[in-house]
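Subject: Structure handover

Hi there,

Here is the structure I promised to pass on to you. Please open it beside this email while you read.

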Amino acid sequence: MSLPDALTSALGEESAVAEVDLGGDDTLAVTPTRTLVYRAEGLLSDEAVEEYPHDAERLTLSEGRRKAKLTMEYGLDGTETLSLPSSRVDDALFPILAGVINAAGITDPGESVLKTFRFSEITLIITSKQVVKHIGAPVWTEEFETFEYESITDVTFEEGSVATTVVLTHDGRQDRFKIPSDDARAVREAIVDAVCAFHEVDSIDALREQVAEAADDDPDTPSDAEASADQLDFGEGIDPLGANPPAVDADADSDTGSESTASEAVGDEALAASLGEGESDQSTPTTGGDHSPAAGGDQSSTAGGEPATADGDASSAGDSQPATESQSTPGTTDADTDADDAGPATRELTEPGSEAAGSADEDALAETVATLAERIDRQEEQLARQNELIETLIEELRRGR
């Protein structure tokens, strides 16, 4: 189509790589660096040419029933809005996107944009060397991903009733993204044709065979199993627990057993000593029956024979008198003597007051449990009231109060 003189003059030395008829006499021309829109003369406006550079950081498209607006954001340089008829949006957006990614350095010289797809939350640009993907409501931002055909080894599609998943295998990993199932066939043909043309094969199956042959021809490339084995090789490793247990020394066991028995014996003696049982053999005084004959013999001998030294008799009488009196006290029984010799520990165990102390502890524990139960009941009641209040508020909000 022939371009208006005003538009040709605005192009200067650049040539238009795409031209789009906007209806009437209006024309849109796209160059590698900018988009030019020619507005024909009308009743309310003069002839004019609008210019929109391609170095935009963000493209946002809003569509109405009759008109659509493409907003280009240039960072600190502000924004520009291009008004288009809604019926011409797809035709105009395709070359504009190609110019934007070229200005951003995403495409190389000689690389051509073959097809663009714009969905609600994803934009795909199929070039002769790569797939450019942008996720998000804007048509374009600086957050994008590229998948070069040189590294792609497989392309598959997982079809669904609503969405179809595109699976691109490259560099030993997979990238997946969803597209509407209604447009899946067009996307499939565009990607498969571009990938096959780059690798000079007729189909994706032929590409898989080519990749497999290349892997066989390169013996230095480890297989997946070998790579996994190399990554999981930890040397000799650590022996599992219980493997090769040490031999058991019977003599050591017997020595250990004897030491254990001795320790148990010592422990029993210590326990008995702490309870006062061990003191009974050492602290039990000689009973009166054992000393009475001896005492009587000494007295008769002293009376019938020669008199003993006065100092010796006084000393003997003084030493033996307390023991004799302690053992011959009237009313003293063996049980009383054992209780006195048992010591404080035994008396504490046999005192009636210990039962009262245990009963008091049980009463205190029962009182504590009852107090906790009462607090839990009060908290449950408070939670129930709060729940009722929340339900009431929700109901009133639903009614619009």
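Predicted model: local features only at pLDDT ≥ 70, side-chain atom pairs only at ≥ 80, totals over all residues.

Residues are numbered from 1 along each chain as its sequence is written, and side-chain values use heavy atoms, with hydrogens and water left out.

Helices (H or I, at least four residues) and strands (E, at least two) are DSSP runs numbered from the N terminus, and two strands pair if DSSP finds at least two bridges between them. Strand β1 (residues 18-23) runs antiparallel to β2, with five bridges joining them; A18 has V30 as its bridge partner in β2. Two residues lie between these strands in their hairpin, where G24 takes a positive phi near 70 degrees.

On its way to β3, β2 passes through a hairpin of three residues. Four bridges join β2 to the antiparallel strand β3 (residues 34-39), and L28 stands opposite V37 there.

**The four-stranded sheet**

Further along, an open sheet has the order β8-β9-β10-β11, with antiparallel pairing. β8 (113-118) and β11 (145-148) are at the edges with a single partner strand each, so one side of each has no neighbour in the sheet. Strand β10 (residues 130-135) is joined to β11 by four bridges, and V132 stands opposite T146.

**Helices α3 and α4**

The axes (lines fitted to C-alpha atoms over the stretch in contact) of α3 (residues 184-199) and α4 (residues 204-217) come within 10 Å and cross at roughly 40 degrees, an angle that runs from 0 to 180 degrees between N-to-C directions. The two are therefore oblique, the class left over once angles under 35 degrees (roughly parallel), over 145 (roughly antiparallel) and 65 to 115 (roughly perpendicular) are set aside. In α3, V192, V195, C196 and H199 meet I204, L207 and Q210 of α4, contact being heavy atoms within 4.5 Å.

Best wishes
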